[in-house]
Structure formats: C-alpha cells, structure tokens
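Subject: Structure handover

Hi,

Here is the structure I promised you. Please open it next to this email and follow along.

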Amino acid sequence: MRVDIFTLFPAMFPAYLNESILKRAQEMGLLSVHIHNIRQYTTDKHRVTDEPPYGGGGGMVLKPEPIFAAVESVLANVPTDKRPPVILLTPQGRPFTQKVARELARHDWIMLLCGRYEGIDERVREHLVTDEISIGDYVLTGGELAALVVIDAVTRLLPGALGAEDAAETDSYASGLLEGPHYTRPANFRGWEVPAVLRSGHAARIQAWRRQQALRRTWQRRPELLLTANLTEEDRWFLRVLAEEHLRKHTADEEAASNSPL
Ligand code: ADE
C-alpha cells in the first residue's frame, strides 16, 4: 500500500514510522510512505500557508493554493479512475473504527491530508478531499497524530504485516469483542498467580476460558458491542449467566443498603 501524507510538519512522522511493525512493513515492501511538506508548494516570498479568516474572528485558516498544488503534483498523470481517496483528518470527519481501517486496507493507495490551526479553507473540503476522518471526539492541534493512527491501524491489516498469521484476527474489535486478559512468565509474581487453566495445557478449555473472558470484559466495559458481535449459542448462554450474576449481586447490594442502620 502506498500512503501520501500532506503536512506542514513532516518531521513529526519518521520517529513513529521507523520503528516496530511499521518499519518492518516498509522494509518488506508492504507499505511505502511519501511525506510532502505543504509549505514547499507556496509560491510567495514568505512561504505563507495560512491567513486570517474572511469575515473576521480569531485564528488562522490554511490557504487552499499550496494544498491543491501539493496534492495535484502527486496526482498529475494519474487517470481519474485510478486516483486514491484524499482523506482529510479532522474532528468533523466520520469516526475511525476497525471497520473503517479494514475498508481503507483494501485500497492500494491513500492520501492523508493533515489539517492544522483553526481550520482549512472550505474549498479544499469541497473540491479536493473525498473523505474526512476523525479519530475521536477531542481536538488535537493538527491531523498528524490522527494520520499516524490511521496508518498504524491499516498497516497491521495488510497481509503479512504481522508476525503470527492470525494475530490481527484475535485483536480487540476484530471479532466485535474486547480481548480478555493475557499473562506471561512468571507464573507467580508477588503472590499473584496466573489462572491455572492457562497452564493446564488443555487447548479446548483454554479457548473456552478465553472466549468467556472476552465476553465478560465486553459486557463490563463496552456492553453495546455485544449488540453487533458475532455470538454463538454458547456465548449467549454465558451472557445469561453473567446477567444473572449481575442481578444477584445488585439485589444483594440493595438488600444490604435497605438493612443498613444509616
Ligand atoms: N485533527 C484535530 N483533531 C482531530 C481528531 N480528533 N481526529 C482527526 N483529526 C484531527
């Protein structure tokens, strides 16, 4: 997959891209990243990339010309039907999820445009950008971290990018559930034991335990995910057990409260 990044801060990228799985994916030829400095596409003496907004108000707005010039310089000679999505990173975009990561991983080329400051001239949105993505309901100082988040989540989905073949499939969200707990050596750390089942060597029991832990964690932390997860009959049975457990505890708490002298 090819990724072109358009940014005013190209130096923000190499530290993250040149480590771990992203580094390896590039060495293996699965990922190639091209970083473009928007400022280099200015034509004025002072290399101005932003100006105050028309109509007044605070802040600065990114000018359209250098952004169009930067993106178009890469797209020159690319036929319209071969053009990659041009994705603006912005808190106003559609929420980034594992599903969106899978959707992007199917492209062999994407472009990521990092917004900055208070905003970006609306004509960039209207006439250049084809998609807008937000990585969460908070405001960052720019789209650079969001672009890295997108690249990271997408790269680990590229076939061959992860060591173990199925590692991406068992991730939280891949199955629609959160992952259960993981343990490694030592078996006893400060008196805290690794659950015996994991040391039992009994593959089927381990698998069943892991599934139940994933269901329990999802039920506790993100119950709404259970509405869309792929659940077996056995999963549903276990969820009923959890629900009954919860009800019993809740009723016991209420009784304790009503019997309390306070
Ligand atoms: N730029 C600033 N905040 C952002 C966010 N939450 N997601 C994507 N891009 C952003």
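Which side chain makes a polar contact with the side chain of H36? The partner is D4, and the distance is 2.6 Å. Keep in mind throughout that this is a predicted model.

H36 counts as buried, because its relative accessibility is 13% and the cut-off for buried is under 20%. Leaving out residues up to four places away in sequence, H36 touches D4, I5, F6, T7, Y41 and V74.

T7 is found in strand 1, residues 2-7. Is T7 buried or exposed? T7 is buried, because its relative accessible area is 0%. A polar atom of the T7 side chain lies 2.8 Å from the backbone nitrogen of F9. With neighbours within four places in sequence set aside, T7 is in contact with F13, I35, H36, N37, I38, C114 and E144.

**The ligand**

Now turn to the ligand. How many residues surround the ligand? There are 13, and the closest are T90, I135, G136, Y138 and L140.

Look at the backbone around the ligand's nitrogen atoms. A polar backbone atom of Y138 is 2.9 Å from a ligand nitrogen. For I135, a polar backbone atom is 3.0 Å from a nitrogen of the ligand. For G136, the distance from a ligand nitrogen to a polar backbone atom is 3.1 Å. Taken alone, the ligand exposes 260 Å², and the protein buries 97% of that.

Which strands each supply at least two residues of the shell around the ligand? They are strand 5 (86-95) and strand 8 (131-134). Strand 5 gives the largest share, with three residues. By type, the shell divides into eight nonpolar residues, five polar and no charged.

**The start of the chain**

Go to M1. It lies in the segment before strand 1. M1 is buried, because its relative accessible area is 15%. Not counting residues up to four places away in sequence, M1 touches L30, L31, S32, L104, A105, H107, D108, I110, V154 and L158. Compare M1 with G176. The two are 175 residues apart in sequence. In space, their C-alpha atoms are 25 Å apart.

**Aromatic pairs**

How many aromatic pairs does a search of the whole structure find? It finds two. W237 and F238 form an aromatic pair that is tilted. Their centres are 6.5 Å apart, and the angle between the planes is 45°. What about their exposure? W237 counts as partly exposed, because its relative accessibility is 46%. F238 is buried, because its relative accessible area is 6%.

**Backbone details**

- Where is the cis peptide bond? It joins R185 and P186, with omega at about 5°. P186 lies in the loop between helix 6 (144-155) and strand 9 (188-189).
- N77 is not a glycine, yet it has a positive phi of about 75°. N77 is found in the loop between helix 3 (64-75) and strand 5. N77 is exposed, because its relative accessible area is 80% and the cut-off for exposed is over 50%.
- R190 also has a positive phi, of about 55°, although it is not a glycine. R190 lies in the loop between strand 9 and strand 10 (192-193). R190 is exposed, because its relative accessible area is 67%.

**Where to start**

Begin with the polar contact between H36 and D4. Then find strand 5, the source of the largest share of the ligand shell. Finish with the cis peptide bond between R185 and P186.

Best wishes

Key
Residues are numbered from 1 along each chain as its sequence is written. This is a predicted model: local features need pLDDT of at least 70, side-chain atom pairs count only at pLDDT 80 or more; totals for chains, interfaces and linings use all residues. Side-chain values use heavy atoms; hydrogens and water are left out. A residue is near a molecule or strand if one of its heavy atoms lies within 4 Å of it. A polar contact is a pair of N or O atoms within 3.5 Å; within protein, one must be able to donate a hydrogen and the other to accept it, and residues adjacent in sequence count only if both atoms are side-chain atoms. Accessible areas come from the Shrake-Rupley method with a 1.4 Å probe; for residues, only the protein chains shown count as cover. Helices (H or I, at least four residues) and strands (E, at least two) are DSSP runs, numbered from the N terminus. Ala, Val, Leu, Ile, Met, Phe, Trp, Tyr, Cys and Pro count as nonpolar, Asp, Glu, Lys and Arg as charged, and the others, Gly among them, as polar. Buried means under 20% relative accessible area, exposed over 50%, partly exposed in between (1.4 Å probe, protein chains only). Contact means heavy atoms within 4.5 Å. Rings of Phe, Tyr and Trp (its six-membered ring) pair if their centres lie within 6.5 Å; planes under 30 degrees apart count as stacked, over 60 as edge-to-face and the rest as tilted.
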